[in-house]
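Please look through the structure shown here before reading on.

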Amino acid sequence: MAAPARHLPLTVVIGNPKPHSRTRTVALSTAAALHERLADGRTPVGLPGVIDLSELTAELVGQGSRPEALDEALESVRRPGLLLVASPTFKAAYSGLLKLFVDVLPRGALAGVVAVPLMTAARSGHRRVVDTHLGALLAEVGACVPVPGLCVLERELDTAEVGIGRWLDGAAPAVTEALAGTVGPG
């Protein structure tokens, strides 16, 4: 009898400087859908762990009293597994807060990590930012980014689950394959 598969970590990084943001809501919905779709598959992922950068702003700018919280967050994103990185679109790019966080990571820090970029945006013209900027940023730090990112427009927020489901239908097989590559033959 085969041993049960080990659950890979699923970590969510929320790069919105506002606590309890709409970006957070979409990210948590997407993480729940990823967990549900992948939990019993060939490369199962565990329940999502959440890193909300709005809670680490002071630490990121060197004025916080909890440097250990930042160290824990950085260690969490570096663990091989699935990383969902969410940001609102600011001036046709990701948030500066997310950039601060990623800048603390050393070159190649996300090797062995499968990353999925997610963005919220006001205008449909910003849909491509999720791949051209956020996906490229994650790849630059060493992550495997196997699928086009998900962008949810503000006008789609009330029905985001529908868009998340459609995106996941296309993305799940590639994410599964990429995760299988991080853990090797089963």
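In which sense do strands β1 and β2 pair, and over how many bridges? Strand β1 (residues 8-14) and strand β2 (residues 45-52) pair in the parallel sense over six bridges, where two strands are said to pair if DSSP finds at least two bridges between them, and where helices (H or I, at least four residues) and strands (E, at least two) are DSSP runs numbered from the N terminus. The model is a predicted one, in which local features need pLDDT of at least 70 and side-chain atom pairs count only at pLDDT 80 or more, while totals for chains, interfaces and linings use all residues. Residues are numbered from 1 along each chain as its sequence is written, and side-chain values use heavy atoms, with hydrogens and water left out.

**Strand β1 and its partners**

- Six of the seven residues of β1 are buried, so this strand is largely enclosed by the rest of the structure; buried means under 20% relative accessible area, exposed over 50%, and partly exposed in between, with a 1.4 Å probe and protein chains only.
- From β1 the chain crosses through helix α1 (residues 22-38) to β2 in a right-handed β-α-β crossover, a term that applies if, with the strands pointing away from the viewer, the path from the first strand over the helix to the second runs clockwise.

**The cavity**

- On a 1 Å grid over the protein atoms alone, a cavity is a set of points where a 1.4 Å probe fits but cannot get out, a pocket is an open set with protein on both sides within 12 Å along at least five of seven lines, and lining residues have an atom within 4 Å of a point.
- One cavity of 30 Å³ or more is counted, and the largest cavity has a volume of about 60 Å³, a volume being the space filled by probe spheres set on the points, which are joined across faces, edges and corners.
- Its lining includes Val 13, Val 77, Leu 83, Phe 101 and Leu 138, and α4 (96-104) gives the largest share, three residues.
- The lining of the largest cavity has 10 nonpolar, no polar and no charged residues, with Ala, Val, Leu, Ile, Met, Phe, Trp, Tyr, Cys and Pro counted as nonpolar, Asp, Glu, Lys and Arg as charged, and the others, Gly among them, as polar.

**The largest pocket**

- The largest pocket has a volume of about 260 Å³, and of the 15 residues that line it, Asn 16, Arg 22, Pro 88, Thr 120 and Glu 154 are the closest to its centre.
- Two or more of the lining residues come from each of α1 and β4 (113-121), and the lining divides into five nonpolar, six polar and four charged residues.

**Single residues**

- Thr 30 has its place in helix α1 and is buried, with a relative accessible area of 1%.
- Leaving aside neighbours within four places in sequence, Thr 30 is in contact (heavy atoms within 4.5 Å) with Leu 84, Leu 118, Leu 150, Ile 164 and Trp 167.
- Lys 91, in the loop between β3 and α4, has a phi near 50°, a positive value in a residue other than glycine, and counts as exposed at 84% relative accessibility.
- Ala 92 lies in the loop between β3 and α4; its phi is near 60°, a positive value, and Ala 92 is partly exposed at 31% relative accessible area.
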